[in-house]
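Let's take a walk through this structure together, starting with its surface and then turning to its charged pairs.

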Amino acid sequence: MQLLRIDWNVIFTIVNLIVLYLGLRKFLIGPVTKVMDQRKQLIEGQMADARHVNEQANELKAQYEDALKQAHEESAQIVEKARKSAQAEYESRMDAADAEAQKIIANAHKSIDLEREKTVQELQSQIAGLAMAATAKVLGDTDQAAQNKLMYEQFLAKTGGLNDTNSK
């Protein structure tokens with residue numbers, strides 16, 4: 001009894017399988033593995049590049065946010081500076097306007113005082129003339145009245161008139 005019997009077909013089949021395996025390994029599995037390794041390296045390289053680009057993007061984002069923050073701070077400073085400048089300009093113009101108004105009021109007061117003084121002098125002169133004319137009519141001497149008028153005007157010029165005596 002032969003339990004184990006080896007046939008030449010089995011040996012050829014085993015040899016064929018070994019040759020097929022070696023051929024597939026050399027011509028199919030080797031190149032496919034090589035291509036898969038290349039793809040794996042390419043994918044890993046792309047992932048590394050993507051991480052690098054992502055890091056750069058995050059850095060640029062941080063720089064952009066810093067620049068934006070600085071721009072906001074600068075704009076706030078510019079607005080505050082402009083507000084202070086406008087306030088200072090407003091106060092300066094108001095002070096100038098107040099000074100000009102005070103000057104105009106002072107000039108108006110001086111002008112009123114001068115006009116009043118002039119009017120008082122004119123009235124004094126007219127009163128003196130009327131008094132002299134009345135005296136001349138009463139006395140009937142016109143030549144004496146002209147001399148009296150002249151003396152009265154000289155007296156007013158020396159003493160400063162009734163205005164000075166009334167103001168004291």
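Predicted model: local features only at pLDDT ≥ 70, side-chain atom pairs only at ≥ 80, totals over all residues.

Now for the charged side chains: the structure holds three salt bridges. One of them joins Arg83 to Glu80, with an N to O distance of 2.6 Å. Both residues belong to helix H1 and sit three residues apart, about one turn of the helix. Arg83 is partly exposed, as its relative accessible area is 47%, and Glu80 is also partly exposed, at 31%.

Further along, Arg93 and Glu89 meet through their side chains in another salt bridge, at 2.8 Å from N to O. Here the spacing within helix H1 is four residues, again about one turn. Arg93 has a relative accessible area of 59% and is therefore exposed, the cut-off being over 50%. Glu89, at 40%, is partly exposed.

Finally, look at Asp113 and Arg116, whose closest N and O atoms are 3.2 Å apart in a salt bridge. This pair, too, lies in helix H1, three residues and about one turn apart. Asp113 is partly exposed at 37% relative accessible area, whereas Arg116 is exposed at 53%.

Conventions: Residues numbered from 1 in each chain as written. Heavy atoms only, no water. Salt bridge = Lys/Arg side-chain N within 4 Å of Asp/Glu carboxyl O. Helix = DSSP H or I, 4+ residues; strand = E, 2+ residues; numbered from the N terminus. Buried < 20%, exposed > 50% of the residue type's maximum accessible area, 1.4 Å probe, protein only.
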